[in-house]
Amino acid sequence: MQKEIVAKQRIKLKSKKAKKKKANMSLGESVAFLVKSEYIRCLAALVVSYGISINLVEVTWKSKIKAQYPNPNDYSAFMGDFSTCTGIVTFCLMLFGRFVFRKFGWGVAALFTPTMLLVTGLIFFSL
């Protein structure tokens, strides 16, 4: 009796493990699929725009900081303090971000980063 029960359970487990077969696409088909998806295109544009803006701002910012702190020890001390402040602000904004998502939704939360980059960039470059 136990042999039959164990055998039936094994058959059930094997049938549950049967996975759906994924359609294999070629590279061209994969690219065509990604290009057709508006959501993927928007995500790609967001990532590329973010990368370009961060690189432009960071290169300019670091060159001004190096001009302000020509001594490598002073520069390293400033960057350490700056990294500490960045970590604290990031932690606080992670906690605050939950409430922004709930109250205002994804759109406002997504606009926060570019808005802050614009505001702080204007302040930085106007000095």
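Is Lys 62 buried, partly exposed or exposed? With a relative accessibility of 32%, Lys 62 counts as partly exposed.

Colleagues, what we have before us is a predicted model. The protein contains five helices and zero strands. Read from the N terminus, its elements follow the order α-α-α-α-α. Of the 127 residues in the protein, 6% are buried.

Let me now come back to Lys 62. The structure holds one salt bridge, and it joins the side chains of Lys 62 and Glu 58, at 3.6 Å from N to O. That distance meets the criterion, because a salt bridge requires the nitrogen and the carboxyl oxygen to lie within 4 Å. Both Lys 62 and Glu 58 belong to helix 3, which spans residues 38-68. They are four residues apart, about one turn of the helix. As for Glu 58, its relative accessibility is 37%, so Glu 58 also counts as partly exposed.

My next topic is the surface. Which residues form a nonpolar patch there? They are Met 25, Phe 33, Leu 34, Tyr 39, Ile 40, Leu 43 and Leu 46, and together they have about 710 Å² of accessible area. Two elements, helix 2 (27-36) and helix 3, each give two or more residues to this patch. The most comes from helix 3, with four residues. One member, Ile 40, is located in helix 3. Ile 40 has a relative accessible area of 32% and is therefore partly exposed.

I turn to the pockets. Rolling a probe the size of a water molecule over the atoms shows where empty space remains. How much space lies in the largest pocket? The volume is about 1100 Å³. This pocket is lined by 27 residues, and those closest to its centre are Thr 86, Leu 93, Thr 113, Met 116 and Thr 120. Helix 3, helix 4 (72-104) and helix 5 (106-126) each supply at least two residues of the lining. Helix 4 gives the most, with 13 residues. By residue type, the lining of the largest pocket comprises 19 nonpolar, six polar and two charged residues.

The second largest pocket has a volume of about 370 Å³. It is lined by 13 residues, of which Leu 46, Tyr 50, Ala 110, Thr 113 and Pro 114 are the closest to its centre. Helix 3 and helix 5 are the elements that give two or more residues to this lining. The lining of the second largest pocket divides into ten nonpolar and three polar residues, with no charged ones.

Finally, I would draw attention to Ser 49, which is placed in helix 3. Ser 49 counts as partly exposed, at 44% relative accessibility. How far apart are Ser 49 and Pro 114 in sequence and in space? They are separated by 65 residues in sequence, and by 9.9 Å in space, C-alpha to C-alpha.

Key: Residues numbered from 1 in each chain as written. Predicted model: local features only at pLDDT ≥ 70, side-chain atom pairs only at ≥ 80, totals over all residues. Heavy atoms only, no water. Buried < 20%, exposed > 50% of the residue type's maximum accessible area, 1.4 Å probe, protein only. Patch = residues over 30% accessible without salt bridge, like charges linked within 9 Å, V, L, I, M, F, W, Y side chains within 5 Å. Areas by Shrake-Rupley, 256 points an atom, 1.4 Å probe, with all protein chains shown as cover. 1 Å grid on protein atoms, 1.4 Å probe; cavity = no way out; pocket = protein on both sides within 12 Å on 5 of 7 lines; lining within 4 Å. Points joined across faces, edges and corners; volume = space filled by probe spheres on them. Nonpolar A, V, L, I, M, F, W, Y, C, P; charged D, E, K, R; others polar.
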